[in-house]
Amino acid sequence: AATGQAARAARIAVLIAEQPANPYLWELKGQVLFEAGRAAESEAPYRKSVELAPTEPLLRVSLGQTLLALPKDAGVADAVTNLNRAVDYEPDNPFTWHLLAEAYDRNNQPGLARLATAEQSFSLGQLAQARRFALNARDLLEQGTPSYRRAVDIITTSEDNFQARKRRRS
């Protein structure tokens with residue numbers, strides 16, 4: 001297995017030497033390292049991929065996941081930043097919301113963690129679960145903030161959807 005990984009790493013290094021501005025080759029290098037259990041080593045290639053293509057959400061998600069895998073929560077705050085940027089570009093990715101919930105939870109921001117879980121459930125169409133997490137988030141967030149208003153939006157939308165289904169059954 002180690003020989004196969006070394007051969008893959010060598011092939012990727014050749015490709016990167018030929019195309020150093022290709023963010024997806026840097027992402028591939030990071031992925032190979034991450035999947036080999038070498039999260040700390042995968043951080044630099046993932047950062048390079050984000051530097052080369054800062055508006056590509058997949059690259060920011062991969063970097064965020066790597067940062068969350070670093071020891072002692074060293075990368076949690078940076079993970080929050082990158083995952084929020086990914087959400088800006090692609091708001092309906094449940095995996096991004098899952099990682100963001102983990103990051104907020106580890107960053108001692110329980111209201112935002114519950115809101116991210118509500119967003120994850122909402123993006124999966126699990127409206128009852130989204131509503132439960134949004135209610136919890138609303139109780140933990142400061143009233144009037146954008147996050148608080150988003151929690152209320154999820155609660156309202158989920159409730160409206162529930163009432164509409166109830167009327168159709170009647």
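Trainee: At roughly what angle do the axes of helix H3 and H4 cross, and within what distance do they come?

Mentor: This is a predicted model, and the crossing is read from two values. The axes of H3, residues 39–52, and H4 come within 9 Å, and they cross at roughly 155°.

Trainee: Are H3 and H4 roughly parallel or roughly antiparallel?

Mentor: Angles over 145 degrees count as roughly antiparallel. H3 is therefore roughly antiparallel to H4. As for the hand, H3 and H4 make a left-handed crossing.

Trainee: Which residues make the contact between H3 and H4?

Mentor: H3 contributes Ala39, Ser42, Glu43, Tyr46, Arg47, Ser49 and Val50. From H4 come Leu59, Arg60, Ser62, Leu63, Thr66 and Leu67. Sorted by class, the residues of this contact are six nonpolar, four polar and three charged.

Trainee: Where does H4 lie relative to helix H5, by distance and angle of the axes?

Mentor: H4 covers residues 57–68 and H5 covers residues 76–89. Their axes come within 8 Å and cross at roughly 160°. H4 and H5 are therefore roughly antiparallel to each other. H4 passes H5 in a left-handed crossing.

Trainee: Which residues of H4 and H5 are in that contact?

Mentor: On the H4 side they are Pro57, Arg60, Val61, Leu63, Gly64, Leu67 and Leu68. On the H5 side they are Val76, Asp78, Ala79, Asn82, Leu83, Arg85, Ala86 and Tyr89. The contact of H4 with H5 has 10 nonpolar, two polar and three charged residues.

Trainee: How do the axes of helix H6 and helix H7 cross?

Mentor: Read them in the order used before: distance, angle, hand, contact. The axes of H6 (residues 94–106) and H7 (residues 110–123) come within 8 Å, crossing at roughly 165°. H6 and H7 are therefore roughly antiparallel to each other, and H6 passes H7 in a left-handed crossing. The H6 residues in contact are Pro94, Trp97, His98, Leu100, Ala101, Tyr104 and Asp105. Those of H7 are Leu112, Ala113, Arg114, Ala116, Thr117, Glu119, Gln120 and Ser123. By class, this contact has eight nonpolar, four polar and three charged residues.

Trainee: How many aromatic pairs does the count give?

Mentor: A pair of aromatic rings is described by the distance of the centres and the angle of the planes. To count here, ring centres must lie within 6.5 Å. The count comes to zero aromatic pairs.

Trainee: What sits over the ring of Phe122?

Mentor: The charged end of Arg150 does, 5.5 Å from the centre of the Phe122 ring.

Trainee: How many helices and strands does the protein chain have?

Mentor: The chain has nine helices and zero strands. From the N terminus on, its elements run α-α-α-α-α-α-α-α-α. Taken along the principal axes, the C-alpha atoms of the chain fill a box of roughly 65 × 35 × 30 Å.

Conventions. Residues numbered from 1 in each chain as written. Predicted model: local features only at pLDDT ≥ 70, side-chain atom pairs only at ≥ 80, totals over all residues. Heavy atoms only, no water. Axes fitted to C-alpha atoms, helices over the stretch in contact; angles between N-to-C directions. Helix = DSSP H or I, 4+ residues; strand = E, 2+ residues; numbered from the N terminus. Parallel < 35°, antiparallel > 145°, perpendicular 65-115°, else oblique. Left-handed = near helix turned anticlockwise from the far one by under 90°. Contact = heavy atoms within 4.5 Å. Nonpolar A, V, L, I, M, F, W, Y, C, P; charged D, E, K, R; others polar. Phe/Tyr/Trp six-rings, centres within 6.5 Å; stacked < 30°, edge-to-face > 60°. Lys NZ or Arg CZ within 6 Å of the ring centre and 35° of its normal.
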